[in-house]
Amino acid sequence: MTRVASHQNNVAVKNPATGIVGTVPALEAADIEQAVAAAEMAFRPWRALAAK
């Protein structure tokens with residue numbers, strides 16, 4: 001499994017109706033690109049599986 005570097009800074013995810021829902025790491029563009037690439041590679045074999 002590929003992991004993105006850990007960061008100390010987090011950004012609050014807010015729902016205007018209910019308040020803060022959670023937090024996500026504040027990533028640099030390169031970290032986001034790495035995470036997207038890892039997700040894409042992980043999805044390739046998974047999408048070949050039958051829904052059943």
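Predicted model: local features only at pLDDT ≥ 70, side-chain atom pairs only at ≥ 80, totals over all residues.
Among the contacts in the protein chain that link residues at least 6 apart in sequence, 18% join residues at least 24 apart.

Of its 52 residues, 2% count as buried. The chain exposes about 4800 Å², with carbon and sulfur atoms supplying 58% of that area.

Let us look at the strand side. Lys 14 sits in strand E1, which covers residues 10-15. Leaving aside residues up to four places away in sequence, Lys 14 touches Gly 19, Ile 20 and Val 21.

Now for the helix. The count of aromatic pairs comes to one. Its partners are Phe 43 and Trp 46, which form a tilted pair with 5.3 Å from centre to centre and 40° between the planes. The label follows from the angle, because planes under 30 degrees apart count as stacked and those over 60 as edge-to-face, with the rest tilted. Both residues belong to helix H1 (residues 29-46), three residues apart, or about one turn of the helix.

| Residue | Relative accessible area | Class |
|---|---|---|
| Lys 14 | 63% | exposed |
| Phe 43 | 39% | partly exposed |
| Trp 46 | 56% | exposed |

Trp 46 counts as exposed because its 56% is over the 50% cut-off.

Definitions and conventions. Residues numbered from 1 in each chain as written. Heavy atoms only, no water. Buried < 20%, exposed > 50% of the residue type's maximum accessible area, 1.4 Å probe, protein only. Contact = heavy atoms within 4.5 Å. Areas by Shrake-Rupley, 256 points an atom, 1.4 Å probe, with all protein chains shown as cover. Helix = DSSP H or I, 4+ residues; strand = E, 2+ residues; numbered from the N terminus. Phe/Tyr/Trp six-rings, centres within 6.5 Å; stacked < 30°, edge-to-face > 60°.
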